[in-house]
Structures are given as structure tokens and as C-alpha cells.
Amino acid sequence: MMENFYITTAIDYVNGAPHIGHAFEKIYTDILFRHFKKRIDNCFMLTGTDEHGIKIQKTAKAAGITPKELCDANSNLFKEAWNLLDISYSKFIRTTDDYHKKTVQDIFEKLLEKGDIYKHQYTGLYCSGCETFLSPKDLDEEGNCPVHGKKPEEVSEENYFFKLTKYKDKIIEHIKNNKDFILPEFRANEVLNQLENIEDISVSRAKSSVEWGIEVKSDPSQVIYVWIDALSNYITGLGYSVDGNHDENFKKFWPANFHIIGKDILKFHSIYWIAILMALGVELPKSIYAHGWITIDKNKMSKSTGNVIAPKTVMEEFELKNPDALRYFMATAAVNGKDGNYSDIDFKEKVNADLANNMGNLLNRTLNMLVKYFDGEIKEKFISDNELNQKAANIQKEVENLFDKCDIASAANCIIGLVDEANKYVNDTAPWSLAKEGKMDECGKVLYNVLNLMVKIALLIEPYCPNIAQSMANQLKFDINLKYTEIQPNMIKPGKLISKDEIIPVFLRLDSEFAANKK
């Protein structure tokens, strides 16, 4: 059993505002974080923003403001978005933070002193969109960057390079010997193929080309490039120090249990970042999980096509009082590393089916029967062990195993499957018929069994839907912050549980009339 748990997101580039793709990753990571907090006492989640580079420099100049002013404004947009989505991060790092800049400079100097960084005249193909040099084999058939669809420009500079090739064999060995290092496992071969033709990488840019960056301490004519600047946030955010005088958080939480990133930056995390850590002599992260992309109505998000959607827009259009529906949908939209899709229709149908018609309705009608037949009271004789307890225990174990692999979509399906079991149990036992026949003790046992199961369902669904789960906890009179180890067979105790005016729907349907009026 782990004592400490550390999870990170990729840090978002602040050249624009957050969209639903950014939100997907942050929701994904937050669900993992909340789940593991129910299993482990000490947990830490890091997210933040990447704030250097030529694109920010150019955008700020066009807007007539300084790069720092642009970063301050846009970084706040990300913080506001994550607050709106109930992202419960422990720390928000900005690469313009002074402590980060100082440690990045120290890291660069240590690698330079060690001989893992060297200066070299270089001519290469530079994609300003990716902010990286590309080799001809990286381009599509038309010679364009496959991500941005534009031809990279030829750039000739004297830059510092990192000896990535020095660590090639060690990285290959580590990947092959640690099957959980890259998740989902099918991504590992992709990385091994990329390692075959790996070259040393540029880790600085001439200040004459890029002014907005962290200066190389020993050579102010150069600024430190993204690979050392942005990637190092995972350790600078915990208080790493090159002299070994680390802050307590670094000692406590490193190595990361999971780096959660998009599939498009897997190469940089599983090769570049790992080689840098090896060069620093720092322990490697335990797992890197690469998620897929979210498309909009089956089309890739693009500013040029105008289909970029902000999470705030979805919440406003559906008049959502809290983000649970969007969190749940995003968590289930993509299956274990594959791409997922958002559409208004799919969103409405999914959350109505699972959260309103299935889970919410089950709780509501069961509580109403308890009030109708027993004035909301749980009697001692209603409580007994039953088949639903064992099913709940089995599902809890399965959910935990899936979370260990970061497969939160499959875990959600297991939880809703447990709701299905409860609905089937109610329909098969028909407590309303039992009451009509005067079999009140049997009726009471059925209602208790279902409500007792709903406690466990609420605890399992809380990482996805914290507000819904809290509403369930309020009505079922238990602490939603219970650890999974505290789950007992019978969670609801005898006595008055609820009155009629305390019963409220935990999730209101997104009504068809409103949805029909949407474009």
C-alpha cells in the first residue's frame, strides 16, 4: 500500500484561453487524484501553465502588452476554468515563478558542467506552432508539420544541445523492464519505435531569436528551451534542488505516480524528460499515462474551423449549477487512451441516462418509499447481510484495479453497472408490492439494502461527481470523505434517516425541450 501519492497534469501553454481539450485532461487527473485520496492519506496534485516562448512573445507584441502581462491574464483564465470545474489541485505552478526559473537555471548549469549539454551550430526545420525542431521524417507527405499543417521554417543558430543519445539504451531497457511505465501499454511500442532514430536535442535558443525565456546563467545570449524549462516543473513544483537540499514535498512525494499527458507529447515525456532525469540522477516517475484527444462532433478542434468550445460555454448553455455532468461525461467520453468525442446530443443523452434516470431516480424513489411506508425510519430488523454487499465489495475492488491503470472510463462503467444491479434488484423484489401485501419487514429490508448500496455507490462516484455525491451523503447521513478502507457491509445505522422535505433530486434531467432549442 502506497503511503504517498503524486499526480501531475501537463502544464498548459498560455497563448490562448482554455478549451474543452484542456478541461478533459484536468478533469481526468482530478478524478484520479480524488479517487486515490480515498485510498491514501498523503496525496498531491500539480497543474499549471507553460509561459515562455516565441508565440507568447509575438502575441503580446501584437496586443501591445508585455509577455508577462499576457501570461498573467491567460494564466488566470486557466485558474478560473479549473475552479469552475472543481479541479482540486494542490499547487498551481507557473514557469514564470521565480523559484522555478532559478531551479531551471541550476539544472541547466549542472547538466552543462556534467558534459551532458554542449554548444553546437545547427540548421534545422523549426515549427513555431510546436515550438520545436522537426526532422524531415516527422513531416507529412507535403512537408508540413502533421499537427499544425504548415511547413516549418529553416533556422540556423548556435544553440546548446542535450546528449539525448547517451541515454537511449537505458531508456529502452527501462521501458522493456517496466510494463506499467507507459500507459496504456499499447503506447510503449510507439515510444520504442521513436527511440530507434533519436538524436540529441536543442535545449536553448539564441536570445536574438527568442527573448521571452529563462536566460542561461553562464551565457545570457541564450534562453533555456522548453524541454528543460517546462518539463522540469514536475520537480521544481515540489521543491527540487540540484544540491540535494530538497523541500519536504519533494522528499515526500517524488517520484510521481502518474504523469497524465496528451498522446501528442508522449515522446517528450517518455524520452526527453526521462533522459534529463537520468542525467540529473533523479529517480524516474512510476507511470506516464497518455490520453487521447477530444473531438467536437467528430471533428478535430481548430480555431480556423471555429469549433473550439470552452467548458464554461457548455455549463452555461445547459444551465448547469455545478460541473458534475460535464466531469462525468468527459471521464467516460474516451476509452483508456483512445480518442473521445463531445457533442451536445451525446452529452445530454449520457448524463440523463446515467445520472438522472438511473442513479438519481433510484435514490429518489427508494427514499420516497422509505418515507411513505416507514416515515423515513430504518428499523434494526431491516439490517442484514445480503447479496448486494458482496457485489459492492467486488465492484470496489475492480474499480480500484482500473484506477491503478488510469482507466477511469471503464471504472465509471463498473459503478453504473452496480446501479443497474440495484435497479434490477428493486424491480425483481418489488417493495411496493410487498407493502401492498402487508409484508412490511421484507419491504423494509429491500429498501435498506438499496439505500445501503447507494452509500457505496456515492463513495465510488464522488471522484467523478463530487457535488452529486455530497447531495447523496446529505440524504443518506454519512461522511462522503470516508476512506475506502472504512467501508463496512452495513453503512446505514438504525433510526430516523430522512423526512419528506429532505428528499431532493441529486441530478435534474437536461430536459428535452431545452435541448431541442439548441442549435
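At what angle do the axes of α13 and helix α15 (residues 408–429) cross? In this predicted model, the two axes come within 10 Å and cross at roughly 45 degrees; axes are lines fitted to C-alpha atoms, for helices over the stretch in contact, and angles run from 0 to 180 degrees between N-to-C directions. That angle makes α13 oblique to α15, since angles under 35 degrees count as roughly parallel, over 145 as roughly antiparallel, 65 to 115 as roughly perpendicular and the rest as oblique. Helices are DSSP runs (H or I, at least four residues), numbered from the N terminus. The contact (heavy atoms within 4.5 Å) involves K350, D354, N358, M359, L362 and R365 of α13 together with N413, I416, V419, D420, A422, N423, V426 and N427 of α15.

Helix α13 (residues 344–374) also holds N361. In helix α3 (residues 67–84), N74 is in contact with V14, N15 and G16, leaving aside neighbours within four places in sequence.

Accessibility classes follow the relative accessible area: buried is under 20%, exposed over 50%, and partly exposed in between (1.4 Å probe, protein chains only).

| Residue | Relative accessibility | Class |
|---|---|---|
| C71 | 0% | buried |
| C127 | 4% | buried |
| N74 | 11% | buried |
| N361 | 38% | partly exposed |

The structure holds zero disulfides, a disulfide being a pair of cysteine sulfur atoms within 2.5 Å.

Residues are numbered from 1 along each chain as its sequence is written, and side-chain values use heavy atoms, with hydrogens and water left out. Local features need pLDDT of at least 70, side-chain atom pairs count only at pLDDT 80 or more, and totals for chains, interfaces and linings use all residues.

Notes. Helices (H or I, at least four residues) and strands (E, at least two) are DSSP runs, numbered from the N terminus.
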